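Student: I have a sequence and a structure to look at. Can we go through them together, one question at a time?

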Amino acid sequence: MAPADIDALLEAVHDEKSFGSFLHALAADFEADREMFEADPERYKYSSGPLGWEVGTVSDFLYGAAAEASRRPPLRPQVAANPWKRCAEMLYTAKITE
């Protein structure tokens with residue numbers, strides 16, 4: 001799944017079902033990033049992964065989401081009032097921050 005699809009799914013999160021769709025796409029995006037990285041690790045040696053992933057482990061990802069949950073102001077300029085979307089925003093932000 002292309003990153004633009006992730007962005008669109010993030011914007012569409014409004015309930016449990018749409019959050020689940022976002023999570024599925026985010027997982028597929030991570031897997032694709034890892035496959036592309038492993039195919040040519042030298043190319044991405046000093047940068048984020050091919051699809052923008054800055055983290056390579058589940059624990060780093062979760063720490064990033066937790067950091068976004070407590071960051072003031074948050075990295076995303078417009079924080080969602082809907083809790084499903086806010087959770088999706090925290091996970092998306094964890095993808096792109098170290």
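**Helices and their contacts**

Tutor: Start with Leu 91: leaving aside neighbours within four places in sequence, Leu 91 is in contact with Phe 19, Phe 22, Leu 23, Leu 26, Phe 61 and Ala 65. Contact means heavy atoms within 4.5 Å. This is a predicted model: local features need pLDDT of at least 70, side-chain atom pairs count only at pLDDT 80 or more, and totals for chains, interfaces and linings use all residues. Residues are numbered from 1 along each chain as its sequence is written, and side-chain values use heavy atoms, with hydrogens and water left out.

Student: Is Leu 91 buried or exposed?

Tutor: Leu 91 lies in helix α4. Helices are DSSP runs (H or I, at least four residues), numbered from the N terminus. Buried means under 20% relative accessible area, exposed over 50%, partly exposed in between (1.4 Å probe, protein chains only). The relative accessibility of Leu 91 is 14%, so Leu 91 counts as buried.

Student: How many Å apart in space are Leu 91 and Gly 64?

Tutor: In sequence, Leu 91 and Gly 64 are 27 residues apart. Gly 64 belongs to α3, on its contact with α4. From C-alpha to C-alpha, the distance between Leu 91 and Gly 64 is 7.8 Å.

Student: Which word describes how α3 and α4 lie to each other?

Tutor: The axes of α3 (residues 58-70) and α4 (residues 83-96) come within 8 Å and cross at roughly 125 degrees. Axes are lines fitted to C-alpha atoms, for helices over the stretch in contact, and angles run from 0 to 180 degrees between N-to-C directions. Under 35 degrees counts as roughly parallel, over 145 as roughly antiparallel, 65 to 115 as roughly perpendicular, and the rest as oblique. Therefore α3 and α4 are oblique.

Student: Is Ser 18 buried or exposed?

Tutor: Ser 18 has its place in helix α2. Its relative accessible area is 12%, so Ser 18 is buried.

Student: Which residue's side chain makes a polar contact with the side chain of Ser 18?

Tutor: A polar contact is a pair of N or O atoms within 3.5 Å; within protein, one must be able to donate a hydrogen and the other to accept it, and residues adjacent in sequence count only if both atoms are side-chain atoms. For Ser 18, the distance is 2.8 Å, and the partner is Asp 15.

Student: What is the relative accessible area of Ala 28?

Tutor: Ala 28 lies in helix α2 (residues 16-39). Ala 28 is partly exposed, with a relative accessible area of 27%.

Conventions:
Helix = DSSP H or I, 4+ residues; strand = E, 2+ residues; numbered from the N terminus.
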